[in-house]
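Please read them with the coordinates open.

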Protein chains: 2
Amino acid sequence: MPSIPQSEDPVAEPQAAETQVAARPQKARRGRPGYDYATVLRIAIDVFNRRGYDGTSMDDLAKELGLSKSAIYHHVHGKEELLRLALSEGLDALTSVLEEEERRTDDASALERLRHVVVRSAEVLSAHQPSVTLLLRVRGNSEVELDAMRRRREIDHRMARLVSLAVDDGSVRSDIDPTMISRLLFGMVNSLTEWYRPDRGYDSKVVAEAVASLAFDGLRA
Amino acid sequence: MPSIPQSEDPVAEPQAAETQVAARPQKARRGRPGYDYATVLRIAIDVFNRRGYDGTSMDDLAKELGLSKSAIYHHVHGKEELLRLALSEGLDALTSVLEEEERRTDDASALERLRHVVVRSAEVLSAHQPSVTLLLRVRGNSEVELDAMRRRREIDHRMARLVSLAVDDGSVRSDIDPTMISRLLFGMVNSLTEWYRPDRGYDSKVVAEAVASLAFDGLRA
């Protein structure tokens, strides 16, 4: 496997690939870090976000990675598989938040559950910002994109259901349509993809608490 | 000027072109409405949003419009001018909201001023949803995009200043960084581009009030 220096990437933070393909062991050359599978994916997501998926060819990817196309095919079958893996990263993490919530057996109120999901979702968006940014931009131009949009809609529905439960038990205001509350609430959460960067000095836990506090209590002093 | 039937467009609502080029009079053929300048722009924005600007050629545009390329050049100099006009529509409208605010001479508090700007911005996003959607997606791939990003940043700074003034006079909470409040607040407003559609039965004034009410008072009952 070719091994070349990693580029400086101001956006993405290194993170474990939450995909079905395990990261391959790194091979050192001249003492510099090499490209493992997770790094190829991370850089591909960054390129897709900068140039747009449709505007990125395998040639572009090879150039940005400093790899030959055949070296990329050593990691994945092609551009579409990279997109699928890239989108799955954020989708899998958000799905985990909901599953975590559904496994809870304590007697937390609907409001506490909703707040917890908002905090955890905001943390996921901070940790997987590049993947979720890509996810929020897909337009359904291929089966992979359509499938990601279906998974996103399913997640949105489950989030909206948590809002409805909290409206039903009287803990969330009922003067605004629960669907609209859900859209605005997660619109605020999703805005993290627009401005949150791990290198800007914001701690992701502090940001997630700020999101929930602002959403639940409002910005009035 | 060629005159062909307009396509059904579920997203964009017809609106006056807020650009320096006046709409040309429509010319009827077989009793169906023709393409005026504003309609060419509206459909171009829709195509850019669906296919991505970089993924749209003048040939694609001509096909979608059902016009020859030379008929499009009758309206604009080229694809980049269409992009500039498309982005200006939302930027001009948002700038107007701030100018409107700055012209106010009453003794409204910083909080009232901020709330008013939030409501008016939400109304602008509803009215110019396709243009603002395009604006939020530009990546700076050309001078036109970079210029739009500069204008957007300038607007963001002026909005953030209104938040800071309200924090300074004690009406907005000071336990969260004002910059973060501003980003989350306008992140919520901007989410309208993701889900607001004039044909979904939400009145834009009701939505704008809901945004402000949720942002200022929070979602707790």
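This is a predicted model: local features need pLDDT of at least 70, side-chain atom pairs count only at pLDDT 80 or more; totals for chains, interfaces and linings use all residues.

The points below take up the fold, the salt bridges, the cavities and pockets, and a few individual elements.

1. Of the 221 residues in chain A, 54% count as buried.

2. Glu209(A) is partly exposed, its relative accessible area being 38%.

3. The corresponding residue numbers in chain B. Arg115(B) and Glu209(B) also meet through their side chains in a salt bridge, at 3.2 Å from N to O. Here, too, the pair links distant parts of the chain, with Arg115(B) in helix 5 (residues 110–127) of chain B and Glu209(B) in helix 10 (residues 204–217) of chain B, 94 residues apart. Glu209(B) has a relative accessibility of 39% and counts as partly exposed.

4. A network and a further pair. Salt bridges that share partners bring Asp46(A), Arg50(A), Arg51(A), Asp60(A) and Glu64(A) into one network. A separate entry for your attention is the salt bridge between Arg173(A) and Asp175(A), where the closest N and O atoms are 2.8 Å apart. Are the two partners buried or exposed? Arg173(A), at 10% relative accessibility, counts as buried because that value falls under the 20% limit, whereas Asp175(A) is exposed, with a relative accessible area of 56%.

5. The largest cavity. Searching the whole structure gives seven cavities of 30 Å³ or more, and the largest of these has a volume of about 380 Å³. It is lined by 26 residues, of which Gly52(A), Tyr53(A), Arg139(A), Gly52(B) and Arg139(B) are the closest to its centre. Helix 1 (37–51) and helix 6 (129–137) of chain A, together with helix 1 (37–51) and helix 6 (129–137) of chain B, each contribute at least two residues to the lining of this largest cavity. Sorted by class, the lining of the largest cavity holds nine nonpolar, seven polar and ten charged residues.

6. The second largest pocket. How large a volume does the second largest pocket have? The value is about 180 Å³, and the residues lining this pocket are Leu98(A), Glu101(A), Glu102(A), Ala110(A), Arg113(A), Arg158(A), Arg161(A), Leu162(A) and Leu165(A). Helix 4 (79–103), helix 5 and helix 7 (143–168) of chain A each supply at least two residues of that lining, and the largest share, four residues, comes from helix 7 of chain A. In terms of class, the lining of the second largest pocket divides into four nonpolar, no polar and five charged residues.

7. Helix 4 of chain A. Ser96(A) also has its place in helix 4 of chain A, and at 33% relative accessibility Ser96(A) counts as partly exposed. The C-alpha atoms of Ser96(A) and Val124(A) are separated by 9.7 Å, the two residues being 28 residues apart along the chain.

8. Helix 8 of chain B. Helix 8 (residues 178–190) of chain B has 13 residues and reaches 18 Å from its first C-alpha to its last, close to the 18 Å expected at 1.5 Å a residue. This helix 8 of chain B is mostly covered, with ten of its 13 residues buried, including Met180(B), Ile181(B), Leu184(B), Leu185(B), Phe186(B) and Met188(B).

9. The annotated region. An unreviewed UniProt entry places the feature "DNA-binding region" at residues 57–76 of chain A. Over residues 57–76 of chain A, the chain is 65% helix and 0% strand, and the end C-alpha atoms lie 14 Å apart.

How values were computed
Residues are numbered from 1 along each chain as its sequence is written. Chains are lettered from A and ligands numbered from 1 in the order in which they are written. Side-chain values use heavy atoms; hydrogens and water are left out. Buried means under 20% relative accessible area, exposed over 50%, partly exposed in between (1.4 Å probe, protein chains only). A salt bridge is a side-chain nitrogen of Lys or Arg within 4 Å of a carboxyl oxygen of Asp or Glu. On a 1 Å grid over the protein atoms alone, a cavity is a set of points where a 1.4 Å probe fits but cannot get out, and a pocket is an open set with protein on both sides within 12 Å along at least five of seven lines; lining residues have an atom within 4 Å of a point. Grid points are joined across faces, edges and corners, and a volume is the space filled by probe spheres set on the points. Ala, Val, Leu, Ile, Met, Phe, Trp, Tyr, Cys and Pro count as nonpolar, Asp, Glu, Lys and Arg as charged, and the others, Gly among them, as polar. UniProt positions are given in the numbering used here, feature names are shortened, and annotations may be inferred rather than shown by experiment. The expected span of a helix is 1.5 Å times one less than its number of residues.
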